[in-house]
Every structure is written in structure tokens, then in C-alpha cells.
Amino acid sequence: MIKVRNLSKHFGALVVLKDISVDIKKGEIISVIGPSGTGKSTFLRCLNLLETPTGGSIFIDDIPLLDKHTNIPKLRQRMGMVFQSFNLYAHLSVLENLTIGPIKLLGKKKHEAELKARELLKLVGLVEKMESYPDELSGGQKQRVAIARCMAMEPEILLFDEPTSALDPTMVSEVLAVIRRLSREGMTMIIVSHEMEFVRNMSTRVFYMDEGLIYEEGPPQQIFDNPQKPKTKAFINRVRSLHIKITSRDYDLYAMQGEMEAFCEKHILSKRVTGYVLLMAEEVLGLQHNFSDIQLSLSYSEKEGTVELVCASAGTPVNPLKDNMEEDDIGLKLIQGRCKSVDYTYEDGKNILFLKIKVE
Ligand code: ADP
Ligand code: MG
């Protein structure tokens, strides 16, 4: 359905997209992930010509998008785009937001457009808000209206550019649920997202973008569990773990525990395991003597059935497993009793403690 060949985009001297060639079939759900600033938005914007590519070609059902004889407005109508920042018309009601496009651009009759709008509002769970204005809605509701408005134009392809990243965390799931629902209706979708669990469960294929290229692509299992290339591996490791920096003895214990709890919840770990993880973190910090530069990392390995807790602390070498002073003894015994393994190394001026906490 979409064929991209040697697509490039430069902004002056800045080369954002180098050379992208890819085919997307009808009904595919493609997620685009990668560090920020790697051209994910630019790629989407080139696909629907919000940006003019510098080079290469794009075909939609074999119609060349960049050919000057192509009817661009008509082609663009086949693609809907949902932005991070909703872009609703503030002076129009929810219903009018959904009907203005179909009436003005598709030539639909008012009652016909309203019937369709009502149906779409039902799909996104917002019939009740039909008469409301955008500023009376929560962020999650606005984004659902934006998605319905997009659908009102009857597109065949939906492009989402970080649809949940402007939302309060409590509203992310209602928007993702709507996108999931649309995906079951056979829409072709390309979604830029940082919601990794969602990407993993939803996508038929994942594009990892880096260096102005689709650096690696494959089914979600490959990209998340068995990435083939170094930058993909590094990125996946980074997003799958939680990193907490501590720079003084007066660190905010409650904030740290909150982040760790959220991490455990995201990985559907039990309350009991979550309790262990929090306890282990506290005990590991209890073994530290220098708090000026500590990095705590948590990661979950489904394959091994462990949560890995790494504590890297700058300073001269002190091996708490060997050189421990008496007051540390209880903490250390507690850690060793609860963990599958506890290891220590000294690397790059850092004392590194590596714990594997069993999850069963
Ligand atoms: P991502 O969505 O992956 O975070 P973007 O596609 O937004 O990345 O941006 C990629 C790079 O292109 C960034 O360095 C950004 O500053 C630059 N860029 C994007 N749009 C423009 C523009 N209209 N003019 C100049 N530079 C731009
Ligand atoms: Mg972006």
C-alpha cells in the first residue's frame, strides 16, 4: 500500500532522513521507535507531505506522491494524522469538530455527517460529550475526539505522532485502548510511540529509527527480545530498565520507591516481589558509604525470571561482599538470603553491585 524508496530529508545542512526504503502492506500496524531527534516525526510528515522530501519517492497504491501531476489533496485525504497536541478547533463543539471536514471537504450532507460523527463518538466512548467544547474536556478525551475527527474523513491510513506523550499518565490507557480498537478494524496504521508495552503488543512490525535510517526493523519479538544490531540493543536495554540517580545522602526515598513501584507494576510483578525489590534497593543503599554519585538501575528479565538491580557508585574500590564492616552485616545477609545471585566488580572508577532478585 505504501512504498518508500530512498527517501531523504535535509533541513539546510542538517540531514535528518538519509535513505529510507520500506514497504508497508494494507492492514499492517507499524510502530516507529527510536531516540528523540532521529527523524520519526519528519518521516511521518514526509509520508503525508506536511514536509516536502529532499529526495526519493513515495507511492500510495502505486500512485507517486511526489509527481507534480498527482492530485495531492485527494491522496492526502486517504491519510489521517493524529498529533501529540490534539489540534482541535476550540470554537467548535465536539460534534462540529467531527462534521466540518466531511461537510466542507467530502461534500457530505449535514445530517449524514452527523450520523457518522455520532457513530464515531460511540466508538471512542464520547457520545455524551457531543455538545461540549474542547476546553471542557480532559486531555485524554480531547485526543479521543481528535482520533474520531480523523476517522470522520474516512482515511485508509492513520498516522499517529506520539499520541499519548502530552497526556497525564492516568489518561494514556484510554487513548491507547481506542487505538487498539481501531487496529481491529483493519486500518493501516503507523504509530510513533514511546509506550513500549503497547508497541510490543499491538504492532505487526516495529521500525527502530536511528542515524536517519530505519536502522533495524522486524516483528516486535525480534526488536524487543532479540535485537540484532548494537544501537537497537542499547536502546531496548535503556527503555526496559529504570534508572535512578542519587547525588546525596538525603535522596528522596519516597520518590525513588514510587518510581520502582511503577516499574514493577508495568511489568506486572506481584506485590510481594515489588516489596522485595524496594527492600533490596534500600539495603543496597545501606551498604554505600559515598552518596555523591550513585546510579541505581532496575531491569526485568522475563526469560530468567529475575529483576536485576545494579548499583554503581563512584569512588575508591570497596567490596561490600568482602570488606564489609560489621554494621553492614545484617543488610548483606538479608540481601544474600533473598537474591539468586549477588556480585561485585570495580569498573571505570565505580563500585558495581549486581543483584538478581527471583520472581516467582
Ligand atoms: P523525532 O520525531 O524523532 O524526535 P524530528 O523528526 O522531530 O525527530 O526531528 C529530527 C531533527 O530534525 C531534529 O534535529 C529537529 O530539530 C530537526 N527538524 C525537524 N523539523 C525541522 C524544521 N522544520 N526545520 C529545521 N529542523 C527541523
Ligand atoms: Mg517527534
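## Ligand 1 and its contacts

An oxygen atom of ligand 1 is 2.8 Å from an N or O atom in the side chain of Ser-41. A polar side-chain atom of Thr-42 lies 2.5 Å from an oxygen atom of the ligand, and a backbone N or O atom of Gly-39 lies 3.0 Å from a ligand oxygen. The protein covers 58% of the 560 Å² of accessible area that ligand 1 has on its own (Shrake-Rupley method, 1.4 Å probe).

The model is predicted: local features need pLDDT of at least 70, side-chain atom pairs count only at pLDDT 80 or more, and totals for chains, interfaces and linings use all residues. Residues are numbered from 1 along each chain as its sequence is written, chains are lettered from A and ligands numbered from 1 in the order in which they are written, and side-chain values use heavy atoms, with hydrogens and water left out.

## The shell around the ligand

The residues around ligand 1 (a heavy atom within 4 Å) include Phe-11, Leu-14, Val-16, Pro-35, Lys-40 and Glu-51. The shell divides into 4 nonpolar, 6 polar and 2 charged residues; Ala, Val, Leu, Ile, Met, Phe, Trp, Tyr, Cys and Pro count as nonpolar, Asp, Glu, Lys and Arg as charged, and the others, Gly among them, as polar.

The largest share of the shell, 3 residues, comes from α1. Helices are DSSP runs of H or I with at least four residues, strands are runs of E with at least two, and both are numbered from the N terminus.

## The sheet of 4 strands

An open sheet of 4 strands has the order β2-β1-β4-β5, with antiparallel pairing (strands pair if DSSP finds at least two bridges between them). β2 and β5 (63-64) stand at the edges with a single partner strand each, so one side of each has no neighbour in the sheet.

Strand β1 (residues 2-11) pairs with strand β4 (residues 55-60) in the antiparallel sense over 5 bridges. Val-4 has Ile-58 in β4 as its bridge partner.

## The sheet of 6 strands

Another open sheet has 6 strands in the order β6-β7-β8-β3-β9-β10, with mixed pairing. Its edge strands, β6 (79-82) and β10 (213-218), each pair on one side only.

Strand β3 (residues 29-33) and strand β9 (residues 205-210) pair in the parallel sense over 4 bridges. The bridge partner of Ile-33 in β9 is Tyr-208.

## Domains

An automatic or database domain assignment divides the chain into domain 1 (2-238) and domain 2 (241-358). The C-alpha centres of these domains lie 39 Å apart.

Technical notes: Polar contact = N/O pair within 3.5 Å; in protein donor to acceptor, adjacent residues only side chain to side chain.
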